[in-house]
Amino acid sequence: MNADSQAAPAGRERIVMLQTGFGEGRRFLAAWQAWRDAGDDPQRSARLVFIAIEPQPPTRTELSAALRTSPWPDLARALLAAWPPLTPNLHRLSFDAGRVQLLLRVAEVQTGEAELVASVDRFWLDEPARGSALDRIQAPALHLCKALGRLAASGALLSASSASPELRAGLTTAGFSVHASLPGDGPQAALHATFEPAFSQSLAPSARRHRAPARSAAPPNPNRRALIIGAGLAGCAAAWALAEQGWHCSVLERRAQIASEGSGNPAGLFHGIVNAQDGLHARFNRAAALEAQRAVQRATDEHGVQGSTAGLLRLESTLELRVMQATLARLGLPPDYVQALDAAAASARAGIALAQPAWSYPGGGWVDPGGLARSFLERAAGHVALRTGVKVHALERGAGGWRLLDAHGEVIDAAEVVVLANAGDAMRLLADAGPPMLTMARSRGQISTLPAAALPFAAKLPITGAGYLLPELRGRVIFGATSHADDADASVREADHRLNLAQLQRLTGCQFDIDPEQLGGRTAWRWVTADRLPVIGAVPDVQAFADPRSRSAPRSSPRLDQPRFVPRLPGLFVFTGLGSRGITWCALGAQVLAASVAGAPVPLEARLIDAIDPARFSVRRARRCGAA
Ligand SMILES: Cc1cc2nc3c(=O)[nH]c(=O)nc-3n(C[C@H](O)[C@H](O)[C@H](O)COP(=O)(O)OP(=O)(O)OC[C@H]3O[C@@H](n4cnc5c(N)ncnc54)[C@H](O)[C@@H]3O)c2cc1C
């Protein structure tokens, strides 16, 4: 065994490694190969998560050239095939059915570490291929080392290619003991260390690490079993992501079929967004769209799902082309993620004469959401049991965890971990579990469908802007959609078809005369939060806000000024508020949820985790009332 595999804590659920300076992926491939070589060795960790922070990773072409002589050609090919557009994100690349994950953070080391939520067993501080060399980041060395200390698991090992006095001092301050060498480590490393903070030596192991409640795993659950309420996109994606973490789930659905409510349209689209500030929404949507692309690709290639990842156009109605191009250059967004096209180029791509410039998302597209939901369950096969026609009436906490009750008060099932993926009905169940912590608005949406031959054009790609048009599916095109707040009418309305037709004419700039009676349609509801972001994570214990000690005795009570510090109800998670972007958000949302449940590194930056944290509403409310 080499140093990489020796570093694995024997028989642990997962080994987490972190490297600064990914280079050409040699360390990752070596670690992956060592993990594979350990095969059925009971000492091997069941999962390998390798986190790499690299400000300028190689492009696909550079990586391809570098990996040509790799000693691990199969792994090199798989890495190359999964290589993402190099947007400033935390990218999740998944291999060996999710048991090996590479989290690639495209950022400078100093900022990259601060945004990670993980517990790391093995660090390599290597020089980034480009960007700031370790020796040149002396000024913030202490800051960097504190971040390492925050990420380090007890006993974590560290090797660095620099042994600068600043790094040495910083590591010591952060709780690392610096050694002359580490057993099995190669001669390349200039500095070796172990995380054994002096201040925690006198404490019991369980008391040594103080993670914020939202950053802590669910209570240890030897069965690794969860109950998921709802089999729409959220529930089915959650089952898949939990299966990748080695969990077994029962999914309980009140309807006879999966994806019969919000996720029941014949098709919908997915894509990222660009905004000049690159704020939380743009960054979350970008990360989500990249994960959605992989999920849809898998669904269409391997599960026979209708859909495409061949690109999408979003028409721009206010910005000029040069402003769009300047924005992309300033944000450093690469053309394999998004491009700004003039009207002529957009028209050529769309197959329709368009009068506006457009954002082109080469990896965006469309999919049948019900098919995508099915593909998630199929990918979780062996780890998931689906029970349809089962309505969860109430939720109650008992000694053994959570019990799900039917309308007669009979227990349907019980488990230590429950995930509420039941869209708007999650609010009702949560209200039973404590004071209200979640408010979502309901928006009625109607799509329209039409025989493709009735339109004077044929779109080659999905086109969106104000409204959207999808390419032909089984002889029909789908377009829409309307949006009406607080409207409970489930019928398909002719007036809404007219709205959709008018919107389609504005979108395409094309006039046509179509009788609304020719149209088909479907009505469903979106559940939307006030900040237009989803709700994903452990359910807060909102009693903490009601407890007067939280104001009068701040030293003994939890901090309530940031979502991550808010105490949680043990084992209760929620995944809802997917609004009008559930197709785009479900795969990433599920991975974030599953990582939180299983205590795995979370494939999303800390600030974005806070932005979707279910506790954010209570924190904001408390701030407004001066309670936090
Ligand atoms: C008209 C329209 C167009 C849209 N277009 C797009 C688009 O183009 N792109 C995009 O990304 N998104 C789009 N969306 C949004 C997307 O469809 C939703 O965000 C997504 O489907 C929500 O998934 P979900 O799993 O949260 O909810 P749902 O699909 O509604 O699933 C919730 C499930 O929970 C079940 N359930 C509820 N309560 C219980 C209970 N007590 N016990 C058991 N089961 C229960 C329900 O039966 C349901 O199956 C659109 C939505 C609408 C309405």
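**View 1. A network of salt bridges links R444, D487, D489, R493 and D496.** A salt bridge here is a side-chain nitrogen of Lys or Arg within 4 Å of a carboxyl oxygen of Asp or Glu, and a search of the whole structure finds 28 of them. The model is predicted, so that local features need pLDDT of at least 70 and side-chain atom pairs count only at pLDDT 80 or more, while totals for chains, interfaces and linings use all residues. Residues are numbered from 1 along each chain as its sequence is written, and side-chain values use heavy atoms, with hydrogens and water left out.

View 2. R294 is partly exposed, with a relative accessible area of 28%, whereas E291 is buried at 2% (buried means under 20%, exposed over 50%, partly exposed in between, with a 1.4 Å probe and protein chains only).

**View 3. D74 and R77 form a salt bridge.** The closest N and O atoms of D74 and R77 are 2.7 Å apart, and both residues are exposed. Because D74 and R77 are three residues apart in helix α4 (residues 73–82), about one helical turn separates them.

**View 4. The side chains of R322 and E320 meet in a salt bridge.** The N to O distance is 3.2 Å; R322 is exposed at 58% relative accessibility, while E320 is partly exposed at 48%.

Notes
Helices (H or I, at least four residues) and strands (E, at least two) are DSSP runs, numbered from the N terminus.
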